[in-house]
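Please examine the protein chain and its ligand shown below.

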Amino acid sequence: MSVVLVGILMGSKSDMPVMDKARDILDELGIGNEVKVMSAHRQPEMVRAYAGGAQDRGLLAIICGAGMAAHLAGAVAAGTTLPVIGVPIKSGALDGMDALLSTVMMPTGVPVATVAIDGAKNAAYLAAQIVANSHPELREKLDEMRETMAGDS
Ligand code: RP5
């Protein structure tokens, strides 16, 4: 799938080592993706424009990673009804608890599906499961992967 179906956003270049893990998994699964750095606080207009245009560009899900006062996922969710997956990133004085609570505590009607602190891999798997709703061949791949996991445990 070379068409971009999943966006991977992060609030700072410093988030890249964590968010690269999401890209690696999407690449392994053959899901077209794009990686962009944009801050909800430093570049709010860019974030708004990305969220507002994502559906028309054919994206099916958006993964957002940010640390500390982690508002990127929420800001994106405010601008689209595409599924938004938040990755709270461990950084700063509170070791990721700040980012976890900032990401997960969204108001009713504007959800962010929040994974674990630094949980970029699960963010990618969740995005893949969303993409699989409209790509049956990917669903088969994910089902096979689960069977392998069961065999390995
Ligand atoms: C957030 O603050 C970023 O997502 C990053 O995790 C954290 C630190 O940002 P930088 O100071 O590295 O830009 O905006």
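A polar contact is a pair of N or O atoms within 3.5 Å; within protein, one must be able to donate a hydrogen and the other to accept it, and residues adjacent in sequence count only if both atoms are side-chain atoms. The model is predicted, so that local features need pLDDT of at least 70 and side-chain atom pairs count only at pLDDT 80 or more, while totals for chains, interfaces and linings use all residues. Residues are numbered from 1 along each chain as its sequence is written, and side-chain values use heavy atoms, with hydrogens and water left out.

In the side chain of Ser12, an N or O atom is 2.9 Å from an oxygen atom of the ligand. For the side chain of Ser14, the corresponding distance to a ligand oxygen atom is 2.7 Å. Gly67 takes part through its backbone, where an N or O atom lies 3.0 Å from an oxygen atom of the ligand.

The residues surrounding the ligand (a heavy atom within 4 Å) are Gly11, Ser12, Ser14, Asp15, Arg42, Ala66, Gly67 and Met68.

Turning to the whole, the protein chain has six helices and five strands (DSSP runs, H or I of at least four residues for helices and E of at least two for strands). Their order from the N terminus is β-α-β-α-β-α-β-α-β-α-α. Along its principal axes, the C-alpha trace spans about 40 × 35 × 30 Å.
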